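The sequence and structure come first.

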Amino acid sequence: MTDWTEAARKLADEVTPAGPEWHDSVSSTPRHQLVPRWWEPIPDSYPFAWGLRSPQPDQPWAEVYADETLVTRVGSLHADGADLSDRPMGLPTSSSTLPGLIVRMLHLLDPHEHDRVLDVGTGSGYSAALLAHLLDDKQVTSIDVDPYLVDIARERLANFGRTPHLEVADATGSLPDTDYDRIIATVSVRPIPPTWLEALRPGGKIVTTITGTSLLIDAEKHTDGITRGHVQPDPATFMRTRHETDYPARLDHVFNAARDQPGDETRQLAGPLPDLWDDWQLRCLYELDTPDIENRSATRDDGSQLLWLLADDGSWARADSETKTIHQTGPRRLWDDLERVQAQWTAAANFPLHNLTVELGPDRNVLIGPDDNWTINL
């Protein structure tokens, strides 16, 4: 396949059946110009490391026009400025999100012909390009906290004729304007910044994700000033907003203490070991209740499992399915918190999280369970 437009059309055919209004935008946007190089995990690397990738000469469009996320920066090192020998080991700090998810969010956003749209999290510029193609460049504003991302996206978008307004801004602070019909975020936030709610016109919509969870929400601002909506059925995850070049370091020092020590409390595991990766709904409820807990897991050769919960105050918990024991220590009892959330959800009949409704306002920023049996402050 020698023509990128054919690859882009196939991608559009794949990702826009539920949002056909975006087919022309996807098929007309040269993603390869926005993401000339990217990072991929190095298989079996330890500590976990990334290697630089670029299009393969024999299949130049196969990966760039796949429905896959392309990580463009790891820690403070962007793929644009990296050498083939570089092996960064940090967390991803920017990416070009898989197009299918972007299209799904844009379909929920449902911008109309003359709407003004704020795109939060410029990244590679891909979502800004899709919006500007459907609407008009002057109707789209895109912001990112990282000056390099904004500058290079502006340059690359202009190379194929797209000139939305791009600006360096902290998404949790003041916005470039205060009059938008639609706000879409490809970074996660918690709570929803008050500046977003203030900048949104009555009748306007917000589509975003909640930090630390896989919850994708869409909400509409009503004439009473409250923005109401729902959690979507399918999970979606984005990097959280940040104020520095990189995210805080992982809690390796806590994990080293938690790996195999007895802690100051040991008791029996009350039931099956929960899988916080596969059971994403329980993981989300736990994060909403007890934010910023890092979880790690391991499987032994015999199939038995270990799960660690880690907090930055030094609290930790370890559950072992083989010995059926819980070890905890620190100022908080993290496993007790997880069991409490799990029991509360069980008492509420394990309702699907897409049954949560959203209310966002000056004094109330909450998710509400069915029958009002669960209220979670954001």
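At what angle do helix α4 and helix α5 pack, and how far apart are their axes? In this predicted model, α4 (residues 99-109) and α5 (residues 126-134) pack at an angle of about 45 degrees, and their axes are 11 Å apart. That angle makes α4 oblique to α5. The crossing of α4 past α5 is right-handed. On the α4 side the contact is made by Pro99, Ile102, Leu106 and Leu109, and on the α5 side by Tyr126, Ser127, Leu130 and Leu131. By class, the residues of this contact are 7 nonpolar and 1 polar, with no charged residue.

Helix α9 (residues 280-289) and helix α10 (residues 334-347) have axes that come within 10 Å and cross at roughly 120 degrees. α9 and α10 are therefore oblique to each other. Here too the passage is described by its hand: α9 passes α10 in a right-handed crossing. From α9, the residues Gln281, Leu282, Leu285, Tyr286 and Asp289 take part. They meet Leu334, Asp337, Leu338, Arg340, Val341, Gln342 and Trp345 of α10. The contact of α9 with α10 has 7 nonpolar, 2 polar and 3 charged residues.

The next topic is empty space. Rolling a probe the size of a water molecule over the atoms shows where such space is left. The structure holds 1 cavity of 30 Å³ or more.

| Space | Volume | Lining by class |
|---|---|---|
| Largest cavity | about 70 Å³ | 6 nonpolar, 4 polar and 3 charged residues |
| Second largest pocket | about 230 Å³ | 9 nonpolar, 1 polar and 3 charged residues |

Which residues lie closest to the centre of the largest cavity? Of the 13 residues that line the largest cavity, these are Leu34, Thr72, His78, Ser124 and Arg156. Helix α6 (residues 147-159) gives the most to this lining, with 4 residues.

The second largest pocket, with its volume of about 230 Å³, is also lined by 13 residues. Closest to the centre of this pocket are Trp39, Trp50, Thr69, Leu70 and Val71. Strands β1 (38-41) and β3 (70-74) each supply at least two residues of the lining. The largest share, 4 residues, comes from β1.

Note on methods: Residues are numbered from 1 along each chain as its sequence is written. This is a predicted model: local features need pLDDT of at least 70, side-chain atom pairs count only at pLDDT 80 or more; totals for chains, interfaces and linings use all residues. Side-chain values use heavy atoms; hydrogens and water are left out. Axes are lines fitted to C-alpha atoms, for helices over the stretch in contact, and angles run from 0 to 180 degrees between N-to-C directions. Angles under 35 degrees count as roughly parallel, over 145 as roughly antiparallel, 65 to 115 as roughly perpendicular and the rest as oblique. A crossing is left-handed if the near helix is turned anticlockwise from the far one by less than a right angle, and right-handed if clockwise. Contact means heavy atoms within 4.5 Å. Ala, Val, Leu, Ile, Met, Phe, Trp, Tyr, Cys and Pro count as nonpolar, Asp, Glu, Lys and Arg as charged, and the others, Gly among them, as polar. On a 1 Å grid over the protein atoms alone, a cavity is a set of points where a 1.4 Å probe fits but cannot get out, and a pocket is an open set with protein on both sides within 12 Å along at least five of seven lines; lining residues have an atom within 4 Å of a point. Grid points are joined across faces, edges and corners, and a volume is the space filled by probe spheres set on the points.
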